[in-house]
Amino acid sequence: MKKKLLSVVLASTVVAGLAAGCGSSNSAAPAASTAKDEAAPAATQAATEAATEAATEETAAADEGKVLNIECWNTEFQSRITDHYPGYEKVDDTTGKIGDVTVNWHITPSDNNAYQNNLDQVLPDNASADADKKVDLFLMEADYAKKYVNADVTMPIKDLGITDDDLKDQYQYTKDIVKDSNGDLKGLTWQACSAGLIYNREAAKAALGTDDPEKVQEAVKDWDAFKATAEKMKKAGYTMCSVNDTYRVYSNNVSAPWVQDGKVVVDDNIKAWVDDSKALADAGEENTFDLWGDDWAKGKYPDGKVFCYFGPAWFFNFSLSADDAKSIAANGGWGYVVGPQSFYWGGTWIAAANGTDNPSLVKDIMLKMTTDPTIMKEIAQKDSDCVNNKTVLTDLASDDSGNLALLGGENPYKMLADGAEKVDMSNISDYDQGCNEEFQKAMKGYFDGNYKTYDDALAAFNKAITEKYPDLTTD
């Protein structure tokens, strides 16, 4: 500690000496000399403050824990850190090093709500946990972020020293999602997840006579146009998509939250999804495959004969098997348009756990991974992601640096940036994940003929959702 303070004093003394020397060397120019003399104290003070701040941060970091525990549900954030965080060293699949700090990755898949159940167990008593067991960072998705944001298990990022100015280039909706009831920001994300329609260029040529994005957009510009195109796709030997692919487009354009005054309400736009999907499925123009399932995944390959998927930029590499030489993505066979309605899907937020003993490192990770423009551009170009930085997206959209091989060289970033400005988070609720999952599950039974009527499927949904959330009521 004495050495650190001594270095601060020496640095300040050197700066002051240099400033004084510069001022005294120009006796032939008194006006300039006076200006320099006046500037010197300010420069000296700024240098001293900067050096003191650096020494303080270094001292604080030295006093922090030597284990950084990160809770997540898959390896996405781990790969972002491994590939882009300066100084990170991979030890093995679940361990890394940042300087003399050991990084432990605790990965609990989301299946059957296991990830949230794990958070609910480890976060409440985090402050009193042993140093090597403390959770430092954990990740959240939009569908359930409010659950943790409005609990005292998350730290306001202002308590880490992160300011509004640090976040000036981030999209507003990415902040709104993780503000608590007091207006405190409790998480940050590197992603802006505006989304669109990802179309098979060969299918477009076969059914529409062109794969030009402007003409394809005209063919899917609204739901009536989408349904007309579905008929053409069937004639050309293609299925439009799964009914579950379109769900998020409808559900992101509702007029009110799922839960109102403790009651679950099915919005008219979600009912429109049911009606449209039932008609398309009955006509054989859409399938009813579950997202991420084996049958659904066949559309990623030419023989799958699927026209489109719906998704944000994370969908490109994460969901289209771009690393498989036989896939459509690997051969530049996809295109990207807005589709019938603008929407967003998902995103991963980084939250600081209350009780962390690594606040300086947590702050640095959050800032570098969500605000550093060089890292943001690296993520966009290496991972085909849409980053949460307006300036970087503008740069990517302005030249060939934003062209994506899996989209046949198309540059999607202007469209993604425009979409991110339109995202409206006013209708999210704490119950979105459960309501969305159970509603789709019940309606699949209706589309597949397991329930004879919509009312039968709705009754199954109501039963499932009140079992999941006993505090809620339904019609």
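Trainee: In which hand does α10 pass α11?
Mentor: In this predicted model, helix α10 covers residues 243-251 and helix α11 covers residues 268-282. Among the residues that make their contact are Tyr-247 and Tyr-250 of α10 and Trp-273 of α11. The crossing of α10 past α11 is right-handed.

Trainee: Are α10 and α11 roughly parallel or roughly antiparallel to each other?
Mentor: Their axes lie 9 Å apart, and the helices pack at an angle of about 155 degrees. Angles over 145 degrees count as roughly antiparallel. The relation of α10 to α11 is therefore roughly antiparallel.

Trainee: How many residues in the contact of α10 with α11 are nonpolar?
Mentor: On the α10 side the contact includes Val-243 and Thr-246, and on the α11 side it includes Ile-270 and Asp-276. Of the residues in this contact, five are polar, one is charged and the nonpolar ones number seven.

Trainee: Is Thr-229 buried or exposed?
Mentor: Thr-229 belongs to helix α9, residues 223-235. Leaving aside residues up to four places away in sequence, Thr-229 touches Leu-208, Ala-219 and Met-240. Buried means under 20% relative accessible area. Thr-229 has a relative accessibility of 3%, so Thr-229 is buried.

Trainee: Which residue meets Lys-66 in a salt bridge?
Mentor: The N to O distance in this pair is 2.9 Å. Lys-66 sits in the loop between α2 and β1, and the partner, 34 residues apart, sits in the loop between β3 and β4.

Trainee: In the salt bridge of Lys-158 and Asp-184, which residue counts as buried?
Mentor: The two side chains meet at 3.1 Å, N to O. Lys-158 lies in the loop between α5 and α6 and Asp-184 in the loop between α6 and β6, so the pair ties together parts 26 residues apart in sequence. Lys-158 is exposed, with a relative accessible area of 53%. At 19% relative accessibility, the buried residue is Asp-184.

Trainee: How many residues apart in sequence are the parts tied together by Lys-263 and Asp-475?
Mentor: These side chains form a salt bridge at 2.6 Å, N to O. Lys-263 is partly exposed at 31%, whereas Asp-475 is exposed at 74%. Because Lys-263 lies in strand β8 and Asp-475 in the segment after α19, the separation in sequence is 212 residues.

How values were computed:
Residues are numbered from 1 along each chain as its sequence is written. This is a predicted model: local features need pLDDT of at least 70, side-chain atom pairs count only at pLDDT 80 or more; totals for chains, interfaces and linings use all residues. Side-chain values use heavy atoms; hydrogens and water are left out. Helices (H or I, at least four residues) and strands (E, at least two) are DSSP runs, numbered from the N terminus. Buried means under 20% relative accessible area, exposed over 50%, partly exposed in between (1.4 Å probe, protein chains only). Contact means heavy atoms within 4.5 Å. Axes are lines fitted to C-alpha atoms, for helices over the stretch in contact, and angles run from 0 to 180 degrees between N-to-C directions. Angles under 35 degrees count as roughly parallel, over 145 as roughly antiparallel, 65 to 115 as roughly perpendicular and the rest as oblique. A crossing is left-handed if the near helix is turned anticlockwise from the far one by less than a right angle, and right-handed if clockwise. Ala, Val, Leu, Ile, Met, Phe, Trp, Tyr, Cys and Pro count as nonpolar, Asp, Glu, Lys and Arg as charged, and the others, Gly among them, as polar. A salt bridge is a side-chain nitrogen of Lys or Arg within 4 Å of a carboxyl oxygen of Asp or Glu.
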